[in-house]
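I opened the notebook to keep a record of what I looked up in this structure. The entries follow the order in which I checked things.

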Amino acid sequence: MGDVEDLAEVAPRGQYLRVCALTGAGISVAAGLGTFRGPDGLWTIAPEVERAMHADLLPDNVDALWAVWGGMRETAERAGPTPAHRALAAAGAAVITQNIDGLHQAAGSPGVVELHGSAGRASCLDPFCGWRGPAAQAREFDPPACPMCGCSARPAVVLFGENLDTGNLTAAHALAANCDLFLAVGTSGRVAPAAWLAPAARKAGALCVNIDLHPDGELDPAFHARVVGDAQDVLSRWAES
């Protein structure tokens, strides 16, 4: 099918009952959150963000984790979900997200699979304690600390050098393999493990569509079609169709 102008052109809303959406940073740009890659990405314009990415720098970079991930969560809470988040919720789509901002839940999507964790949760740095809970509880202390043992706490996001949660991976694969329409929104879907999901959906018989405002190269062969446009407009029109 290649590039198309409208999602309803290739995936009329009423014809698909099991919609699954994989979302990335691009869906949250309208909420004031920046993407990481590209010429305007955070890694380019704010190289110090790199300190917040790596597990092997812990505990010395815990301040950067709270500044970056905690800051993103605060921005998201102030802005609220975008029209694209709300459109996916209104359409009843199952959501797998690479984002940590909680905007899908705020829009009303249930059972969101968060591949990279959540900045709305925190965990204790003491492995013998094991506390995990709302980030707001840790942030009652300055600097943020575990409310159970007093050790330093960190946002519960997955850093480089850490494994993704196997339960989340299993849940994501199950959603992709059981949908009849698979959407990739605000992400190229080319980076593992997200890169495994579109092929799994296509193999199971789903129509796979990438929604991308700034396409980079040819359409990934895992997708049947690509809608070139702003997800805020594309998904809103589709959900209302």
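Which residue of β10 does Gly2 stand opposite? I found that Gly2 stands opposite Ala225 in β10.

Basis of the entries. I am working from a predicted model, in which local features need pLDDT of at least 70 and side-chain atom pairs count only at pLDDT 80 or more, while totals for chains, interfaces and linings use all residues. Residues are numbered from 1 along each chain as its sequence is written, and side-chain values use heavy atoms, with hydrogens and water left out.

Entry on the parallel sheet. I took helices (H or I, at least four residues) and strands (E, at least two) as DSSP runs, numbered from the N terminus. I counted two strands as paired if DSSP finds at least two bridges between them. An open sheet of 7 strands came up, with parallel pairing and the order β1-β10-β9-β8-β2-β3-β4. Its edge strands are β1 and β4 (113-114), and each pairs on one side only. Strand β1 (residues 2-4) is joined to β10 in the parallel sense by 3 bridges. I noted that Asp3 has Arg226 as its bridge partner in β10. β9 and β10 run parallel and are joined by 4 bridges. There, Val209 stands opposite Ala225 in β10.

Entry on the antiparallel sheet. I then looked up an open sheet of 3 strands, ordered β6-β5-β7, where the pairing is antiparallel. β6 (132-134) and β7 are at the edges with a single partner strand each, so one side of each has no neighbour in the sheet. From one strand to the next, the twist averages 45 degrees. Strand β5 (residues 117-124) pairs with β6 over 3 bridges in the antiparallel sense, and Ser123 has Arg132 as its bridge partner in β6. For angles, I used axes that are lines fitted to C-alpha atoms, for helices over the stretch in contact, with angles from 0 to 180 degrees between N-to-C directions. α3 lies across β5 and β7 and runs at about 50 degrees to β7.

Entry on the cores. I used "buried" for under 20% relative accessible area, with exposed over 50% and partly exposed in between (1.4 Å probe, protein chains only). A nonpolar core is a set of buried Ala, Val, Leu, Ile, Met, Phe, Trp, Tyr and Cys residues joined through side-chain atoms within 4.5 Å. The largest such core has 25 residues, and those with the most contacts inside it are Leu7, Leu181, Leu183, Val209, Ile211, Leu235 and Trp238. At least two residues of this core come from each of α1 (7-10), β2, α4, β8, β9 (207-212), β10 (225-228) and α9. With 4 residues, α9 gives the most to this core. A second, separate core has 18 residues, including Ala172, Cys179, Ala222 and Phe223.

I also listed contacts (heavy atoms within 4.5 Å) for Val209. Leaving aside neighbours within four places in sequence, Val209 touches residues including Leu7, Val10, Leu181, Phe223 and Val227.

Entry on α4. Which residues of this helix are buried? In helix α4 (residues 83-90) I found Ala84, His85, Ala87 and Leu88 buried. Seen down the axis of α4, these residues fall within an arc of 160 degrees, so they line one face of the helix. The arc is taken from the directions from the helix axis to the C-beta atoms. Among what covers the buried residues of α4 are β2 (19-23), α5 (103-107), β8 (181-185) and α9 (231-240). Just after α4, Gly92 has a positive phi of about 75 degrees.

Entry on cysteines. How many disulfides are there? With a disulfide taken as a pair of cysteine sulfur atoms within 2.5 Å, I counted 0 disulfides. For Cys20, the nearest cysteine sulfur is that of Cys179, 5.0 Å away. Cys20 is buried, at 1% relative accessibility. For Cys124, the nearest cysteine sulfur belongs to Cys149 and is 3.5 Å away. Cys124 is buried as well, with a relative accessible area of 10%.

Entry on cis peptides. A cis peptide bond joins Leu58 and Pro59, with omega about 5 degrees. Pro59 is in the loop between α2 (42-45) and α3 (62-79). Asp142 and Pro143 are also joined by a cis peptide bond, where omega is about 0 degrees. I placed Pro143 in the loop between α6 (135-138) and β7 (153-157).
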